[in-house]
Amino acid sequence: MGISFEAHASPTQREAGSRPIQPSRPNYNKLHAQPLPINTYPLPPLIPHNPLSLLHIAFTYLLQVLVPPASHPAIPLRGYFSHETRSVHITDHASARILWEQGFFGKGSLSRSEPAWLEREKIRQGVLAGNTSEDVTRMRREERKQFKNERARKEREVIEEKLAEEAKVMPNGVQGDKEVADGHINMPGVAHTSSGSPVLPHEDERRADSLWDKLTDADAYEPVVKLLEQRQNDILNQEHLQLTLEEAFFLAYGLGVLDIQDLSTRANLSISNIFSLCRSNSYFPPQPSKYLSPDDPFLLSYVVYHHFRSLGWVVRPGIKFAVDHLLYNRGPVFTHAEFAVIVLPSYTHTYWNSTPELRSAVERKAKKSWWWLHCVNRVQAHVRKSLVLVYVEVPSPEETGRTLNDLGEVADIGRFLRTYRVRELTLKRWTPNRTRG
């Protein structure tokens, strides 16, 4: 990613009181134009009143048949399976950017979501101007905190004026754990203006130790730019992209764009080996292959993940909101998640009720209380998301056993996954004040 230093102001401009020019916001529509890390080549449109469009379509079709264009990224995407974290690590920075920008796969190991540690480090050292998504979130939280403090101060003033009118005396002194003087609340650790409103430090003041603030009149502009370029090259990216088991297997099996290697041997793993590893590591501690069952946690989660990805949704982990998945229409940089998904197993096959032991075992796995449902639904209503309960019909071991080879491995993964069925149920919390007729 190229860095432009023309956004910085010269020392003379800073002495005149002008602030550094902040870089413009990225064009997310162009940056995330591709929904998946694959290249598609649609045929030209048909124009009924233009017969030449038929020739254009025929020529394009024949050209793509005779000389098929590349559907995979030019950079080979390679990851390493980590048994410790039960995830797949993408250590190449270019590959990580491709997976994030084209489908929002994974998260940065040192970031909240987007792998932006390198940009944050450059901004912290004064090499790069601008704000990352984490900085924007932090400033937004500070503004919200300041707004709440100001609102509490005004409410306090109204109460004090009311008490003063009733008691015919002016309020003065200490009440509770906050000092009140001249009608203002003095909060410890927060600076106040002459009007009594709290003041937060400016962003430039928090970066007073940056390189631009250390410049003197004798410093020249060109040497500083060279120094910044040298410091930028000296910063090593210590962050990698971390993929969940569902994301990694979807990229390796569903799209075929990711090669997963064993971390110790550096050998490429086959799709069957990746499938077995994901199933085994979905348990804690990992289970051997002979103890795997059709209702493995990975199988249930991946069936739902593959289902919604095939429908065009951007699927992200939902542990922050106590659910399994979050569904975005385009991606987290555009809008908030619209739906929160919880995966539930459904044992409707007669095999799971054949013996009392099996009936008792599946009842413990599938049974949920109304208290649990109300709690989860209230959380989603508070964050303005619709709760979706996705029931996965678990097949019997006899059905899944038909797809195994002589070694007990899944020979046809597609046939194996087709034995599962998905049912969706959307819930919304009924609020009388909002749903009156």
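Me: How many of the 8 residues of helix 5 are buried?
Reply: Helices (H or I, at least four residues) and strands (E, at least two) are DSSP runs, numbered from the N terminus. Buried means under 20% relative accessible area, exposed over 50%, and partly exposed in between (1.4 Å probe, protein chains only). W117, L118, E119, E121, K122 and I123 are buried in helix 5. Helix 5 is therefore largely enclosed by the rest of the structure, and of its 8 residues the buried number is 6.

Me: What kind of model is this?
Reply: Residues are numbered from 1 along each chain as its sequence is written, and side-chain values use heavy atoms, leaving out hydrogens and water. Local features need pLDDT of at least 70, side-chain atom pairs count only at pLDDT 80 or more, and totals for chains, interfaces and linings use all residues; the model is predicted.

Me: Which residue just after helix 5 takes a positive phi?
Reply: Look just past the end of helix 5. The phi there is about 80°, and the residue is G126.

Me: To which residue's backbone nitrogen does the side chain of S111 reach?
Reply: S111 sits in the loop between strand 3 and helix 5. S111 is buried, because its relative accessible area is 9%. A polar contact is a pair of N or O atoms within 3.5 Å; within protein, one must be able to donate a hydrogen and the other to accept it, and residues adjacent in sequence count only if both atoms are side-chain atoms. The side chain of S111 lies 3.5 Å from the backbone nitrogen of W117.

Me: How many salt bridges does the structure hold?
Reply: A salt bridge is a side-chain nitrogen of Lys or Arg within 4 Å of a carboxyl oxygen of Asp or Glu. Side chains of opposite charge can pair when their charged atoms come close. The number of salt bridges held here is 12.

Me: About how many helical turns separate E101 and R97?
Reply: E101 and R97 form a salt bridge, N to O at 3.3 Å. E101 is buried at a relative accessible area of 17%, and R97 is buried at 11%. Both lie in helix 4 (residues 93-101), 4 residues apart, so the separation in helical turns is about one.

Me: Which residues are linked with R97 in a network of salt bridges?
Reply: R97 also meets E114 in a salt bridge, N to O at 3.2 Å. That pair links distant parts of the chain, 17 residues apart: R97 in helix 4, E114 in the loop between strand 3 (107-108) and helix 5 (117-124). The network joins R97 with E101 and E114.

Me: Is K365 buried or partly exposed?
Reply: K365 forms a salt bridge with D295, with 2.7 Å between the closest N and O atoms. The pair links distant parts of the chain, 70 residues apart: K365 in helix 12 (residues 356-366), D295 in the loop between helix 10 (271-281) and helix 11 (297-310). D295 is buried at 7% relative accessibility. K365 has 45% relative accessibility, so it counts as partly exposed.

Me: With which side chain does the side chain of S346 make a polar contact?
Reply: S346 belongs to strand 13 (residues 339-346). S346 counts as buried, because its relative accessibility is 8%. At 3.2 Å, its side chain contacts that of R423.

Me: What is the relative accessible area of K320?
Reply: Patches are made of residues with over 30% relative accessible area and no salt bridge, joining like charges within 9 Å and nonpolar side chains (Val, Leu, Ile, Met, Phe, Trp, Tyr) within 5 Å; a charge is placed at NZ of Lys, CZ of Arg, CG of Asp or CD of Glu. K320 lies in the loop between strand 11 (314-317) and strand 12 (325-328). K320 is exposed, with a relative accessible area of 62%.

Me: What is the area of the nonpolar surface patch that includes L66?
Reply: L66 is in helix 3 (residues 52-66) and is exposed, at a relative accessible area of 70%. Accessible areas come from the Shrake-Rupley method with a 1.4 Å probe; for residues, only the protein chains shown count as cover. The patch is made by L43, F59, Y61, L62, L63, V65, L66 and V67, and its area is about 850 Å².

Me: How far apart in space are L255 and H72, C-alpha to C-alpha?
Reply: L255 is in helix 9 (residues 245-255) and counts as buried at 17% relative accessibility. In sequence, L255 and H72 are 183 residues apart; in space, C-alpha to C-alpha, they are 9.0 Å apart.
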